[in-house]
Amino acid sequence: MKRISCIIFLLFLLISRGGISAQISSEKVTTIFDDLQEPGFRKGQVIVNQSSAIRNLVGARMYGENVEKTDTETFLKVQGFRTQVFSGNNQRKSKDEAFRKEKEIKEMFPDVPTYVTYTAPFWKLRVGDFRSHEEAYHMMRLLMEAFPSYGKEMYIVREEIKIPLN
């Protein structure tokens, strides 16, 4: 029972510090166990005794198949929700309309990510990276208040989202 509570505690620490994933990389992979045992100024000494099986289960931070890195940011890709604002299949007008609406939304909500995608034959504009349906719904209500003419087209979609890790 004590062992299970220790494992749960370690998993909780890992989740509060970042993502859960494991991958062998040419870079030095730092696990939570390495961080705990690292000496430092005004730090106590922590000794973690666990089997290699537990170490492999816990994994490393910011590495894995669900982690996407750009030059400056690292994202965890998970299932979540977005608010779909526009979808159109008129090849001549839909692309321009999607980018026009994206620009208007960016002016009003500069911190909210927007995504214009093309999946034949539709151009789509989706807004946000939300972990819950309620967060996406709240954003949809804000967008409906700011842009009443877009309201009839808006709805919530389940999609792979990007959560910043750094």
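The buried residues of α4 are covered by elements that include β2 (74–88), β3 (114–119), β4 (122–130) and α5 (133–146), where contact means heavy atoms within 4.5 Å. This is a predicted model, so local features need pLDDT of at least 70 and side-chain atom pairs count only at pLDDT 80 or more, while totals for chains, interfaces and linings use all residues. Residues are numbered from 1 along each chain as its sequence is written, and side-chain values use heavy atoms, with hydrogens and water left out.

Now for α4 itself. The helix has 15 residues and reaches 21 Å from first C-alpha to last, close to the 21 Å expected at 1.5 Å a residue (1.5 Å times one less than the number of residues). Its buried residues are Ser-94, Ala-98, Lys-101, Glu-102 and Ile-105 (buried is under 20% relative accessible area, exposed over 50%, with a 1.4 Å probe and protein chains only). They sit on the same side of α4 because they cover an arc of only 105 degrees around the axis. Turned away from that side are the exposed Asp-96, Lys-103 and Glu-107.

Here are two residues side by side:

| Residue | Place | Relative accessibility |

Ser-94 touches Phe-86, Gly-88, Asn-89 and Trp-123, leaving aside residues up to four places away in sequence. A polar atom of the Ser-94 side chain lies 3.4 Å from the backbone nitrogen of Asn-89. As for Asn-49, its C-alpha is 9.3 Å from that of Phe-33, 16 residues apart along the chain.

Methods
A polar contact is a pair of N or O atoms within 3.5 Å; within protein, one must be able to donate a hydrogen and the other to accept it, and residues adjacent in sequence count only if both atoms are side-chain atoms. Helices (H or I, at least four residues) and strands (E, at least two) are DSSP runs, numbered from the N terminus. The arc is that of the directions from the helix axis to the C-beta atoms.
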